[in-house]
Amino acid sequence: MGKTFRILRAVFSALILLVSLLTLSGWWMLRSTLPQLDGTLLVPGLHAPVEVERDSWGIPHIRAQSLDDLLLAQGYVTAQDRLWQMDLLRRAAAGELSEIFGAAAVEHDVENRTLGFRQAADAALATMPAPRRAMLEAYARGVNAYIDARTGRLPAEFLVLRYQPRPWTPRDTLLIAANLYKELTGFWRDQIVRGEVTRTVGPELANDLYAATADSPWDHPLVGLAPAAAPAPKHPAERLGFAQPAPGTAPRVAPPSPWSAELDSLPSVDEGLRAAGGSNNWVVSGSRTRSGRPLLENDTHLGWSAPGIWYLVHLTAPGWNVKGFALPGGPLVVIGHNEHIAWGFTNNFADVLDVYAETLNPRNPLEYLVNGQWQRVTTRREVIHVRGAPDRVVDVMLTRHGPVIQRSGFTGYAIRWTATEPGGLDANYFLLGAAKSWDEFRAVLRDTPGPAQNAVYADVEGHIGYLVSALVPTRRQPAGGVPVPGDNDDHEWTGYIPRDELPQLFDPPDGLIATANARVIGPGYKWHLTDMWMAPYRTARIYELLGNRKDLQPEDLIRMSADIYSLPHLEMAQELAKAAKRVHAADPRTAELLGSISGWDGRAVINSVAMTFLDYTRRAVLYNLLRPHLHGDIDRYLQWMRAGVFLEWVLRERPARWLPSAFRDYDELLISSADLAVQRIAQPAGPVVSPRWQWGEFNVLRMYHPLGRDGVLRRALSIGPLPISGSNYSVKQIGRTYGPSMRFVADFSNLDNSLMNVTMGQSGQFLSPNYKDQFSAWYGGYGIPSRFSDAAEKPLVIHHLELLPASPHEP
């Protein structure tokens, strides 16, 4: 027995030793994938030594003796931190994810192959000015130098998925730009849905749903103002004197929603359905700051991912000294500052895509009608390699307008889009880092095809400015946001809005410019830009926060970017308070909540039950309004970005044509919707009003790595689920899949006082200390100091790497 025990103990010890060795071996293998941050490295293609210094946040300052070496080194250094993300982004745009993820990615790939991003990137490169193409080539040489040097020690994702990255090319950089172009302007589905909704409800109600939402009294247009603009509405918190029931009348009980039994869950009011939410930016002149010098703020709202979409970098070479936010896979910086100017962007949503309803020949599906004649489509064969499955072959139909992205019977929906026009992906935003003045800033942007952005500007001389610059088509007839007939020439493009006639503003008298994706043009502007503005509530709140302040500092702007006040939810609280004077809730829980919202401060904090109740009530009101007309298709309309403005308009105007017949008046609609909201909150949160009803239980943050969605990998690679404050309509805009992707404040009193941070961290390698180290600052809503001068940066350096020239054949 003792001998057996000794044998078992020896075997068990051996097994423990083996497991330990395997664990250590695996750990060593993973650690070996981390890049070298100190010492020297030989890099083929360099002409002179390059210094790379990193601070404790992992932010590199790259110093080179030429622009060519700077770009090569930037490609190398970015690949050190983000190579797998870069490969994933180019594959996503090219429609090549199925090669590594298998059948789960096929439909995504089919869509992007149909759009033709690879062909658009090649066409843009063919017409790109030679100096700009040389910049992309230098960047690509740096990425490839890193790939070649790290054979067998590439990031862990390549090891797990068992594949090697192909060499980087200038086309890949343009493909990464295509991803953003699609996220910010690719709204063909919205147009198709709008056409379907219009056919379903008829022209009068469609006009209410869409045209009535094009303007809101909360809008703050920057140009084209009417001679006598209407005053802004009174703030909800200032409204007094709620109406009382008429004498001799008793409050009545709200009837139930007639559709409550068929409803499993309430639809979301979009801005939470779209991956690309929006962004904020504003700039104030020295007349509004404590220092007397301009301040500029920008926080872009994009889809969440792990790692995040932005990479911070400081770049120095002759003619260049710029710090800011780069796209992994793209050269220089897109948003940031140099010694002279600072700039930031929000999406303008300019109408740069049209959907054409092509009439297909029932006798020959490869023919379509053009001015009374059948014309043959062009086809382009795409072969999608699918891991673990046969190839998927797609024959893309191309009409004179573009690819057919969707078919319905004998109608093919083809899209014409500036992104896929010749040169459409040749964006040059990264050249802004060399501009030294407003005129040079404008000159760079005059050349960019898009995507159309609201650009704000500040400079060391004290000037501030704003402009939109992109190729925005003009048409023979406006499309009206719906698919237009493709069988005639009535809706063909006739050119583009002249660059000098796009919106712009320089040194406004009030010293303030702010945008948040809402309307920026008034009725006096002559051109059609779009009617797809986002709701104006963030813009209105920014103007309210800035007010008449004359003492602004960088920390104030960061706090404002994290503001969680939700104007439409407070408006709903006011409407419910008035309605409750006339109509009683049938559900005692609703009555309890109605009593609690009278003192609500409008802030979407995670422990607020009121916020949950009001958000669900807004959704329930929209459901009750739309259900008689759209039946089961309500979610599709709510993807419209100003659905919330439609609700604002209905509750302000209270038109009889929208009141469902089940309700005597809008007060009954409101209180019945509140009852319905309570019922739906109780489904996941339990029947009793409790902490499970708090906003943080419903408003949840998820920053997931593609390989880290469950279990141990989620804990190691991803962040969330976590409760998060804010709403779709707060300045800190939070949707289900997106939110602030970075924060930036430039301070021209001292650029060393500027603030910059990203969502998670600089590194895309989960074993790096810089993988998640910025998250606490992002989540807490405060900025990370961003030093700029050598005197301020040098004491913070903890890693020093020197890249030395090597011949192409040296190891």
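**Aromatic rings and nonpolar cores**

Hi everyone, let's start with Tyr 181, which is buried at a relative accessible area of 2%; buried means under 20%, with a 1.4 Å probe and protein chains only. Please keep in mind that this is a predicted model, where local features need pLDDT of at least 70, side-chain atom pairs count only at pLDDT 80 or more, and totals for chains, interfaces and linings use all residues. Residues are numbered from 1 along each chain as its sequence is written, and side-chain values use heavy atoms, leaving out hydrogens and water.

Now, the aromatic pairs. Searching the whole structure gives 21 of them; rings of Phe, Tyr and Trp (its six-membered ring) pair if their centres lie within 6.5 Å. Tyr 181 and Trp 417 make an edge-to-face pair (planes over 60 degrees apart), with 6.0 Å centre to centre and 90° between the planes. Tyr 181 belongs to helix 8 (residues 170-185) and Trp 417 to strand 17 (residues 411-417), so the pair ties together parts 236 residues apart in sequence. Helices (H or I, at least four residues) and strands (E, at least two) are DSSP runs, numbered from the N terminus.

Is Trp 417 buried or exposed? Trp 417 is buried, with a relative accessible area of 0%. Phe 117, Tyr 181, Trp 188 and Trp 417 form one aromatic cluster.

Next, the core. Trp 417 is also among the residues touching the most other members of the largest nonpolar core, which has 146 residues. Such a core is a set of buried Ala, Val, Leu, Ile, Met, Phe, Trp, Tyr and Cys residues joined through side-chain atoms within 4.5 Å. Helix 2 (residues 67-94) gives the most to this core, 15 residues.

Technical notes: Phe/Tyr/Trp six-rings, centres within 6.5 Å; stacked < 30°, edge-to-face > 60°. Buried < 20%, exposed > 50% of the residue type's maximum accessible area, 1.4 Å probe, protein only.
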